[in-house]
Amino acid sequence: MNHNISRRDFNKLLVSGVAGSALGIFGMAKPAFAAQTRIVVIGGGFGGASAAKYLRKLDPSLSVTLIEPKATFYTCPFSNWVLGGMKTMEDIGQTYALLRSKYGVNVIADTATGIDSVKSTVTLKSGKVINYDRLVVSPGIDFKYGAIEGYSESVANSSMPHAYEAGPQTILLQKQLLAMKDGGRVLICPPGNPFRCPPGPYERASLIAHYLKEKKPKSRILILDAKDKFSKQGLFKKGWDKLYPGMIEWRSSATGGKITKVDAASKSVTTDFGVEKGDVINFIPPQQAGKIAFDAGLTDASGWCPVNPITFESTIHPGIHVIGDAVIAGAMPKSGFAASSQGKVVAASIIRLCQGKVPAPPSLVNTCYSLIGPGYGVSVAGVYKLTSAGIVEIPGSGGLTPMDADDDHLNEEAMFARGWYNNIVQDIWG
Amino acid sequence: MQVTIRSLLTACLVFSVLLIAGTDASAAAKKVQKKKTAEVCVVDPRGEILALSCASCHGTDGKSVGIIPSFYGKSPEYLEAALKDFKSGTRYSTVMIRHAKGYTDEEIRLIAEYFGTVWQNNK
Ligand SMILES: Cc1cc2nc3c(=O)[nH]c(=O)nc-3n(C[C@H](O)[C@H](O)[C@H](O)COP(=O)(O)OP(=O)(O)OC[C@H]3O[C@@H](n4cnc5c(N)ncnc54)[C@H](O)[C@@H]3O)c2cc1C
């Protein structure tokens with residue numbers, strides 16, 4: 001029962017050696033007598049915390065260090081539920097206590113400011129320098145504040161919250177909704193593809209509508225979209241007609257949804273068709289990989305990180321694995337579920353690589369639940385594998401909640417959405 | 001790009017074959033491929049990769065804390081039968097039908113084997 005394959009055998013087998021080097025097998029310049037293998041993870045969100053936990057769970061002999069500046073990580077999943085008044089910020093806060101105590105992850109409350117891929121070191125804001133044998137980077141997204149005239153980080157932080165990173169931004173948007181008069185108008189402005197959580201803005205419209213219907217029923221929501229279609233579109237529109245008739249209007253990019261300018265002073269946005277005013281404006285800017293990925297040269301011209309799809313090792317810098325929203329992962333959406341799935345694949349792959357073995361081909365999954373109302377849930381599911389065309393969805397699998405699903409089905413999906421949240425946060429941080 | 005991915009796949013395939021060839025007859029006879037070392041239990045790497053995603057809805061090791069069914073402690077046979085029933089549609093589910101269709105029967109067997117034995121290592 002010996003699963004070990006000597007490097008010599010592997011070399012003989014793959015005469016070209018291309019696959020071997022691409023898999024990173026020969027990148028580990030680590031003598032056999034070396035002390036504990038050191039894995040460093042940057043970012044304690046969905047991808048990074050999953051990787052850190054599963055690295056230690058699957059191989060307790062590893063030293064795993066997680067670098068994350070936030071003491072409490074507020075999850076974007078369910079942050080729309082906070083806006084809908086169904087959850088509190090406290091409900092969606094996760095901490096690192098159990099990763100420390102139960103899994104023995106060395107959690108450092110700091111920010112990575114630089115990566116030296118030649119020396120294999122990470123520099124922290126505090127000035128500390130950490131050595132790694134392999135590095136995992138899961139920094140999430142960064143916002144392109146300069147993409148639209150009139151928009152900036154200070155506009156986002158003072159008057160037009162994106163609420164696309166949960167925390168103070170979510171609280172600001174919620175405050176504005178609470179302060180809005182009955183009969184007010186909410187603008188939601190989603191970006192073009194690709195962006196974090198494709199169904200996110202539409203679940204948000206649904207749950208804000210739920211709040212308004214109960215507390216401020218004369219109010220309206222206008223979605224000005226940079227796209228001509230969106231995730232789970234048919235299911236959302238059907239749900240809106242049923243639960244919030246006449247309350248939510250969606251304009252595609254081609255029919256006046258595309259925004260060219262925002263103006264914080266007059267609380268308005270400009271589209272190709274004219275100016276729209278809003279009492280609350282949730283402008284969600286275009287996005288790119290998290291800043292550290294840029295600083296470390298892990299991104300390509302697209303603004304996202306190219307990786308080897310088996311190990312998620314950067315195709316630019318060997319020894320550095322990138323996962324989560326920052327990565328280019330074929331057909332997979334930028335979701336917390338996908339990031340966590342990638343975190344586990346990366347954990348298993350790194351363990352195999354450190355043992356001088358070839359990683360198993362990846363198997364990846366995504367399920368995104370969206371709540372349209374408290375008892376009305378829909379989902380999109382996907383199972384992914386690697387083919388010669390990259391990471392693709394397995395034909396015949398996955399897909400959407402059926403359009404003709406009955407009330408019981410929709411109610412069960414709403415309950416499963418809650419069940420999913422409870423389990424995924426426990427699976428990542430608990 | 002395509003060539004690279006193809007060669008990567010070949011590398012994985014070659015190794016899967018080697019892994020199978022390297023195991024003994026009982027393993028070939030579809031027994032659980034694991035061995036106890038000092039602390040770590042070595043499991044089938046393919047089964048592990050396939051199975052880990054399930055925990056995002058069903059909890060770590062299949063131990064669910066919410067309304068989604070827990071399958072911690074269930075046998076490989078039970079899990080394999082359940083997954084195959086979801087795949088064929090004989091067992092109703094809102095979302096499992098969509099997932100189960102993404103796996104071959106062999107992959108289902110590996111997933112069932114992983115979760116059907118992982119809890120025994122925690123004892
Ligand atoms: C409104 C909304 C709803 C959503 N709902 C869902 C849902 O229902 N289901 C779902 O699956 N997904 C959902 N998502 C998407 C999900 O939030 C993201 O896809 C997920 O968070 C991505 O994980 P990540 O690890 O890439 O990034 P994140 O989870 O954002 O984690 C990145 C972490 O890295 C840290 N970091 C960044 N830079 C550094 C640095 N230099 N040094 C140290 N640490 C650093 C950050 O502090 C952060 O904690 C939703 C998103 C939004 C906005």
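The structure is a predicted model, in which local features need pLDDT of at least 70, side-chain atom pairs count only at pLDDT 80 or more, and totals for chains, interfaces and linings use all residues. Residues are numbered from 1 along each chain as its sequence is written, chains are lettered from A and ligands numbered from 1 in the order in which they are written, and side-chain values use heavy atoms, with hydrogens and water left out.

**Domains of chain A**

- Chain A comprises domain 1 (7–69 + 110–142 + 287–360) and domain 2 (152–283), with bounds from an automatic or database domain assignment.
- The centres of domain 1 of chain A and domain 2 of chain A, taken over C-alpha atoms, lie 36 Å apart.
- Contact (heavy atoms within 4.5 Å) links seven residues of domain 1 of chain A with seven residues of domain 2 of chain A.

**Interface between the domains**

- The size of an interface is often given as the accessible area lost when the parts come together.
- Domain 1 of chain A and domain 2 of chain A bury about 560 Å² between them, 53% of it on carbon and sulfur atoms; buried area is the accessible area (1.4 Å probe) that two parts lose on being put together, summed over both.
- A:I141, A:Q287 and A:K334 supply 69% of the area that domain 1 of chain A buries against domain 2 of chain A, more than any other three residues.
- One salt bridge is found across this interface, the term requiring a side-chain nitrogen of Lys or Arg within 4 Å of a carboxyl oxygen of Asp or Glu.
- A:D325 and A:R196 form a salt bridge through their side chains, at 2.5 Å from N to O.

**Residue A:I284**

- A:I284 lies in the loop between β17 (280–283) and β18 (287–289) of chain A; strands are DSSP runs (E, at least two residues), and helices are DSSP runs (H or I, at least four residues), numbered from the N terminus.
- A:I284 counts as buried because its relative accessibility is 1%, the limit being under 20% relative accessible area (1.4 Å probe, protein chains only).
- Leaving aside residues up to four places away in sequence, A:I284 touches A:H162, A:Y164, A:C189, A:P190, A:P191, A:P201 and A:R204.

**Chain B**

- Seven helices and two strands make up the secondary structure elements of chain B, in the sequence order α-α-β-β-α-α-α-α-α.
- Of the 123 residues of chain B, 50% count as buried.
- Among contacts in chain B between residues at least 6 apart in sequence, 55% join residues at least 24 apart.
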